[in-house]
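Thanks for making the time. Please have the coordinates open.

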Amino acid sequence: MTQFIVKPGTKNLHHEGEKLITTHCCYCAMQCGMHIRVNEKTGKVVGVEPRYDWPVTLGKMCPKGVTAYQTVDHEERITKPLIKKNGEFVESSWDEALDLIEKNFKRLQKEHGKDALSVYGGVSMTNEKCYLVGKYARVALGTRFVDYNGRFCMSSAAGGFMKTLGTDRGATLPWPELEHTDCFFIAGWNAAECHPTSIQWLWKARDKGAKMIVVDPRETQIARLADVHLDIKSGTDSALANGMLHIIVRDGYVDEAYVKERCNNYEEMKEKVKEFTPEYTSKITGVSVEKLEKAAKIYGQSPRSVVMFCRGIEQQSKGVDNVSIYTSMALLRGQIGKFASGVATVTGQGNGQGGREHGQKADALPGYRKIADPEHVKYVAGVWGIKPEEMPKAGVSAYEMFDEIQKGNIHAMHVMCSNPAVSAPNTEYVWDSLRKLDFLVVSDFFMSETAEFADVVLPATTWAEDEGTTTNLEGRVIRIRKVKDPIGESKTDWQIMKLIAERMGKGKFFPYENVPQIFEEFRLASKGGKADYYGITYDRIDKEDGVFWPCPSEDHPGTPTMFKEKFGTPDGKANLAVVGWQEPAEIPTAKYPHTLTTGRVVFHYLSGTQTRRVKFLMEQCPLPYAELHPELASQYNLANGDKVKLTTPRSSMVLDVRLTKAIRNDHVFVPYHWGKELSVNQLTNPALDPTSRMPEFKVCAVKIEKV
Amino acid sequence: MKKIMYLEFERCIGCRSCQAACRECGGHDAKERNYVEYVDFLESRQTFPMMCMQCKDPACARVCPANAIQITDDGVVLSAMEEKCIGCRNCTFGCPFGIPKFDFEENKMYKCDMCYDRTKHDIAPMCASVCPSDAIRFIDHDEMMELRRKRTQLNLIEGKKPSENNKWQYVPEFFGVYSD
Ligand code: SF4
Ligand code: SF4
Ligand code: SF4
């Protein structure tokens, strides 16, 4: 089978002595198409060539994507298993490392029961691997404690969509349709930095006159160009969205026929939003009445609109509520299930969509099945070849696993594709928990901050050394190709899980020789579930430029547009949000008088384990900083480049000051991609959303001091 | 080469992908030849990209006392020829856009060559290929003219009409770079 996929008429540059292998970026869920350049003689990865004919991104990439290949043959790759002896890592053989893992896992389970072990996964890996993480925890280790870093990423969106629409697929429409939209209502999405290649679609629509409303405490690139920038106080989205619903109802912008036919709760919702007058909303959110009125008018009058949101509204202790109310805006306007309109949450991690659907979550099984549902357990147990009663019960969410360590319930952990020592909130507590573990195994290809705590580090491969599928932010299942063989003695995550399963005496449940075999089993495991991948094959992905789930059979065309006829709820109707206003878990006080919010920069990805090792990206952004409005800075006599000490009830840290008027004058922004003393998550608040267990990364109260 | 490099500054989102991509072009030795700057970060996040204009009568070449800067038949202004360049750096000061740079270690000048190994085959240069906002494009002359007319049309759709004292606001906000 050819490794280079190109459409007739598309020209690419082929350098002599090189071959091109078609794949997608390893970082965010845009999953930009690219060809990797490989030197045919040395087998080394030497560069990147744009994939002009990939319909979602048209060859475009952000600087992370352009330089992604540089992590593959990177000099800091871990190439052999490492065992910590007297506080130092020593290289070992695989046998020695696996012996140690087997000995400790078995000992701890004998002493403390099955649930002494835990698995902490991630969604920056293929569907095949994400699927296997859940099976590995429940079948190979037999523990109920499994969860993943999606809790810090997509879980509020998932919770909100489940509640309102009944099915959680990130976007209800395919991305290229955005070009034909008349109005974007964007909340908490720093599109230019977090998903840069989406910008081309927004700008194309704007070339045709589309309007754009942006809700953000910072004047981001898209906010600057928006028709209305709603400069909201962090953490007040539920009030703002309810305020929008209020005006939409008041001014008769509701698509009454659609709502009558397709939505529940309309009367209750109308009653609820009555109190959210523009004046009341303005008082809570800090956005002027004029702006609120203008935004609602533009949105309410646009024939085709998309409501889009991202972590800004989701990483809050009311993340699920926020998602539900913003989604209700699209429902009231009758937009969901139609051309060039709908609702979308913009997935952060490469496989944030696929990785959350197939059982890495504490209470979920493949195909969006639930562990609480005996029928679901029966089906999946059947596919896995175990007895339903052998299926462990639901565990706890990612952050709560650290509580379980502190309580002495979890004694060992296997972390894969994740770096909670940087990405979890209240990191000092997390570090303490990692130290308390009797035994920690980390699979990674760089020495991450979490890996430094490990007893055993297993060398995993990068995305370019394995194949499989991912599901991009649209819900389109696409193919990642293997570009080269694993370097050194590194192994893919699925091989590592298989090896440990064998050591735990469960090898017969993991008989895989290659990735397609896992894919076949995974298709079957998802069959009949909400996220049904059964009809998707590698061949179809190549031929059809990816396939959108649900796709229940091979002759099913897939589902680019969701909810055309009915919603995923039991009665087929969407549930409009009936939710009141509630403060964030922490609000400014005399002691901590301002608001701290966190986010990404375009040059880094998640905890920075990869991007902090890429020269170009580090040249552009080597350190975190505190972004403040000059008005706030002058209260503390702070100038550009000064050092500022930020303190929250958790901890404090010192940062360089960067002044700009493009932020609210009562907020401080710090990017989160660094570890240890540079990690802003030392300061963030671990208050969890009651449904999604998402921590409130986006809002906490902070004290400012000049140092 | 019939295509045109087309810059639309207002579209730029400051991702600096064009810079990263410039380093990736064959023969660019992992050094970028373009740059991206904030207009004024204190005021806003607006950035703009700048690349070589491939001038018809290039100042860089004119001020070169050694005649080291050559222009291809299709109008691409190349980096100074190593054997001719005397390292005086006149070009770095002469260029009105600040494009040519001097590598003190290698003792040679380097500048944008419009990814000549790509553009000579009508394949877009790396910067224009990856730019996520279409701030940099590599397009046909006709397409550029159409884009210019579109801009005016959009202003009218918005209900704005140029008057004597603000008509400059209606000038299309881009540069077209002609390569031949
Ligand atoms: S990080 Fe995201 S936007 Fe950037 S190249 Fe990769 S997939 Fe595309
Ligand atoms: S790639 Fe495009 S959007 Fe990004 S900095 Fe360069 S010109 Fe601007
Ligand atoms: S380097 Fe400067 S002077 Fe020379 S061709 Fe380019 S823009 Fe013109």
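Let me start with A:D545, which is buried, with a relative accessible area of 18%. Buried here is under 20% relative accessible area, exposed is over 50%, and partly exposed is in between, with a 1.4 Å probe and the protein chains only. A:D545 is not a glycine, yet its phi is positive, near 55°. It is found in the loop between helix 22 (538–544) and strand 21 of chain A.

Some ground rules. This is a predicted model, where local features need pLDDT of at least 70 and side-chain atom pairs count only at pLDDT 80 or more, while totals for chains, interfaces and linings use all residues. Residues are numbered from 1 along each chain as its sequence is written, chains are lettered from A and ligands numbered from 1 in the order in which they are written, and side-chain values use heavy atoms, with hydrogens and water left out.

Staying with backbone geometry, A:Y368 has a positive phi of about 65° and is not a glycine either. A:Y368 lies in the loop between strand 14 (364–365) and strand 15 (369–370) of chain A. Its relative accessible area is 11%, so it counts as buried.

The peptide bond from A:W549 to A:P550 is cis, with omega about -5°.

Now a hairpin. Strand 4 (residues 82–85) and strand 5 (residues 88–91) of chain A pair in the antiparallel sense over four bridges. Pairing requires at least two DSSP bridges between the strands. Which residue in strand 5 is the bridge partner of A:K85? That is A:E88. Two residues lie between the strands, and A:N86 in the turn has a positive phi of about 50°.

A:E96 touches A:I83 and A:K85, leaving aside residues up to four places away in sequence; contact means heavy atoms within 4.5 Å. From A:E96 to A:L82, 14 residues apart along the chain, the C-alpha separation is 9.6 Å. Is A:E96 buried, exposed or partly exposed? Partly exposed, at a relative accessible area of 35%.

Next, helix 20 (residues 493–503) of chain A, whose buried residues are A:D493, A:W494, A:I496, A:M497, A:K498, A:I500 and A:A501. An α-helix has 3.6 residues a turn, so residues three or four places apart point the same way. The buried residues of helix 20 pack against several elements of chain A, among them helix 2 (94–112), helix 3 (127–141) and helix 21 (515–526). Strand 16 (412–416), strand 17 (439–444) and strand 18 (456–459) are also packing partners. Just after helix 20, A:G505 takes a positive phi of about 80°.

On to the rings. Over all chains there are 22 aromatic pairs. Rings of Phe, Tyr and Trp (its six-membered ring) pair if their centres lie within 6.5 Å; planes under 30 degrees apart are stacked, over 60 edge-to-face, and the rest tilted. One cluster consists of A:Y131, A:F519, A:F522, A:Y533 and A:Y538.

There are also charges over rings, defined by NZ of Lys or CZ of Arg within 6 Å of the ring centre and within 35 degrees of the ring normal. A:K491 lies over the face of A:W94 at 5.2 Å from the ring centre, and the charged end of A:R523 sits over the ring of A:Y534, 5.1 Å from its centre.

Chain B has six helices and seven strands. Of its 180 residues, 53% count as buried.

Last, the ligands, where a residue is near if one of its heavy atoms lies within 4 Å. The shell around ligand 1 includes A:C25, A:C28, A:C32 and A:C62. Of the 14 residues around ligand 2, B:C12, B:C15, B:R16, B:C18 and B:C131 come nearest. Ligand 3 has 13 residues around it, with B:C52, B:C55, B:C60, B:C95 and B:K111 nearest.

That is the tour; I'll take questions.
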